[in-house]
Amino acid sequence: MPLFKFLRRSHRPPMPDRTAGSHTVDSTHPGIEASREAPIPQASASTNPANAPLDTFPLRPTTDALLEDSRFRVLVVGKSGVGKSSLINAVFRANNLTKTSDDHAIKHNIDEEFTSHDNDRLILHDSEGFVGGDIGNLRTVQEFIKRRSAERELKDRLHAIWLCCEIPVSGGRVFELGDEILLKDNANKVGNPPLRIPQVPIIVVFTKYDQLVVQKKFILARSLANADKVEWVRQAEEAATEEVKVRCEKPLNAVAGSRHTWTEVSTRNEHKDTIRRLIDLTMNSILAATDPKPQTTVGQSTADSDQPNLEGLLFAVAQRGSLGTKISTSIRVGKHKYWGYMFSGTFNGIPLDECVGVIHDDIVNVWNFNDPNHQCLKSTEFRSLMTHLVKDLASERPNPPSLLDNVIRIMPPAVAVATSVPPAAPFVLPAAAAVALASWVYGKYRRTPEILRYLMGYVIDIIIVMSCLFALVDSRGLDRISPAMVNLVLREYSQQKGSIHEQVKSYVNDATLPVLRPKRAIDRISDLVKVEQYRELHEAVILSAPRPLDDKEKWTTPDMI
Ligand SMILES: Nc1nc2c(ncn2[C@@H]2O[C@H](COP(=O)(O)OP(=O)(O)O)[C@@H](O)[C@H]2O)c(=O)[nH]1
Ligand SMILES: [Mg+2]
């Protein structure tokens, strides 16, 4: 029997398969689903939400079933040297890609699957693109796209295609004949709605944008001799962007029409915004392609849905370059299931550690940090620290324990373990004592202001902590998550959490409880985790991080946060 239910792994039938549900794009936060109403917890739809038992025991993170067997599958097409591998690294931080099998039956290189231990949410297919008038490889690519688009199973299907072409800095054609035929055929193709097989989006990626900026800087150097550097760079980028329109967009429009999705990228650090844009565009294209409903504008649909868009979720989880997409996806996944339960009372009677456990795991799954076996972010130590972080949300006058609470254990398991230590060693604390969860987690869920505050605070805090880790990893080019990184983030955030927690307290109290609506509460969480509000916190985390971080550092203790 595991020490904490948190650590228990349960088995339930997988999530419903991708169904005829409508998938929509949230234009403000490209995410995995856009439902204007928070989904009503299934169990409460027809019964009194406060009393309805959950139909889904034991609880299981929404993302678990999906992520168990499906990964984001992308085809990257482009001539050798255009920057495909660098791009994959910039978007997914997937170094050391290796072939998954040495299957001699594979006829074409394009069928080989590349995966990386650094980011196991990705399967890459790599194609050398087209040189000159070579049509042979074009046929191979087209056949592959056709076959992989028609796969019925999400896990086997191709989810996106990046066609990479280097920006011709010193003149010349941007496309080869093969690129043009591929784009033209794709533009003329229609999807297959009756079979619900979506057309896999092809995003045209014009690479090495920085080279064009350098060229423009050089040209402008003389005329802007007296301008400051910022202005010089701004003008060079503006001129480069105009040049991309002439050298790349115009030829693209000529072969594929003006609605085709494209963007310019550079994998150089100073152009990270181009990588974020590619991620957002890819997300929008996947959502638009997999939404069978008519689109109003790209990325917006007329329909609401509480079904997650699974292709979109796979990409949102796999990518590691867009903080905004991570935050909006955390919210979408939460909205889809357990956050509604949190405020409606559907969790009634369930041990709180179990409720917190599924909410925690769903969010950690979305962020997909390089954390082998989840040894940091799903560790008991981290869960424990997170439960302590929200302790200041306790009621000043705690509610008297309910009858329900009296029948469950009130002693933290760690203490229970401590008492079983032989009397000969009374002062030797067992290791588990250091990882006791905060006491509020050892009760059962009841819809009280205090418990709602703890849960709401936990969700907000863990998303903010994840966003700080993201900023730290991104700015330092760090690889794996370590306790040192998490400790640092927790220390910084614990100094700044006061105003957020005040807002949670004023949102949920004795007076507001009777009128609290799940949808409004979830919207409030979304407001409180908007990324713009945490730029300073992210900077503080980055500035206070020692170089190098101590990878042997032990977990901090709850009194330090
Ligand atoms: N200037 C510049 N060079 C790049 C960029 N991306 C990749 N490269 C360089 O282009 C070369 C080929 O890159 P690689 O990713 O291996 O291309 P692949 O053969 O298509 O996989 C390497 O020397 C990279 O450093 C970029 O955005 N800008
Ligand atoms: Mg390569």
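1. Contact here means heavy atoms within 4.5 Å. On that basis, the elements covering the buried residues of helix α1 include β4 (119–127), α8 (310–318), α9, α10 and α11 (352–367). The model is a predicted one. The buried residues of α1 are Thr62, Thr63, Asp64, Ala65, Leu66 and Leu67. Helix α1 spans residues 62–69, and because six of its eight residues are buried, the helix is largely enclosed by the rest of the structure.

2. On the chain as a whole: the protein has 19 helices and seven strands. Of its 561 residues, 54% are buried. Contacts between residues at least 6 apart in sequence join, in 79% of cases, residues at least 24 apart. The chain exposes about 25300 Å², and 53% of that area is supplied by carbon and sulfur atoms.

3. A polar side-chain atom of Ser85 is placed 2.8 Å from an oxygen atom of the ligand. The side chain of Asp210 has an N or O atom 2.7 Å from a nitrogen atom of ligand 1. For Arg268, an N or O atom of the side chain is 3.1 Å from a nitrogen atom of ligand 1. Taken on its own, ligand 1 has 570 Å² of accessible area, of which the protein covers 71%.

4. Is Gln211 buried, partly exposed or exposed? Its relative accessible area is 34%, so Gln211 is partly exposed. Apart from neighbours within four places in sequence, Gln211 is in contact with Glu166 and Val169. Gln211 and Val169 are 42 residues apart in sequence, while their C-alpha atoms are 7.1 Å apart.

5. Thr115 lies in strand β3 (residues 114–116). Because its relative accessible area is 11%, and buried means under 20%, Thr115 counts as buried. With neighbours within four places in sequence left aside, the contacts of Thr115 are Arg71, Asn96, Leu97, Thr98, Thr100, Leu122 and Ile123. One of these, Thr100, is 15 residues from Thr115 in sequence and 6.4 Å away in space, C-alpha to C-alpha.

6. Asn96 is in the loop between α2 and β2 (98–99). With a relative accessibility of 63%, Asn96 counts as exposed, whereas Thr115 is buried.

7. Asn373 also has a positive phi, near 55°, and is likewise a residue other than glycine. The loop between α11 and α12 (380–389) holds Asn373. The relative accessible area of Asn373 is 74%, so this residue is exposed. Helix α11, on one side of that loop, is among the elements that cover the buried residues of α1.

8. A cis peptide bond runs from Arg547 to Pro548, with omega near -10°. Pro548 is placed in the segment after α19 (535–544).

9. On the annotated segments: an unreviewed UniProt entry places the feature "transmembrane region" at residues 424–443 and 455–473. Over residues 455–473 the model is 100% helix and 0% strand. The C-alpha atoms at the ends of that stretch are 27 Å apart.

10. Helix α18 covers residues 518–528, and its buried residues are Ala521, Ile522, Ile525, Ser526 and Leu528. Which helices are included in what covers the buried residues of α18? They include α9 (323–336), α10 (338–344), α15 (449–476) and α17 (498–507).

Definitions and conventions. Residues numbered from 1 in each chain as written. Chains lettered and ligands numbered in written order. Predicted model: local features only at pLDDT ≥ 70, side-chain atom pairs only at ≥ 80, totals over all residues. Heavy atoms only, no water. Helix = DSSP H or I, 4+ residues; strand = E, 2+ residues; numbered from the N terminus. Buried < 20%, exposed > 50% of the residue type's maximum accessible area, 1.4 Å probe, protein only. Polar contact = N/O pair within 3.5 Å; in protein donor to acceptor, adjacent residues only side chain to side chain. Areas by Shrake-Rupley, 256 points an atom, 1.4 Å probe, with all protein chains shown as cover. UniProt positions renumbered as here; feature names shortened; annotations may be inferred.
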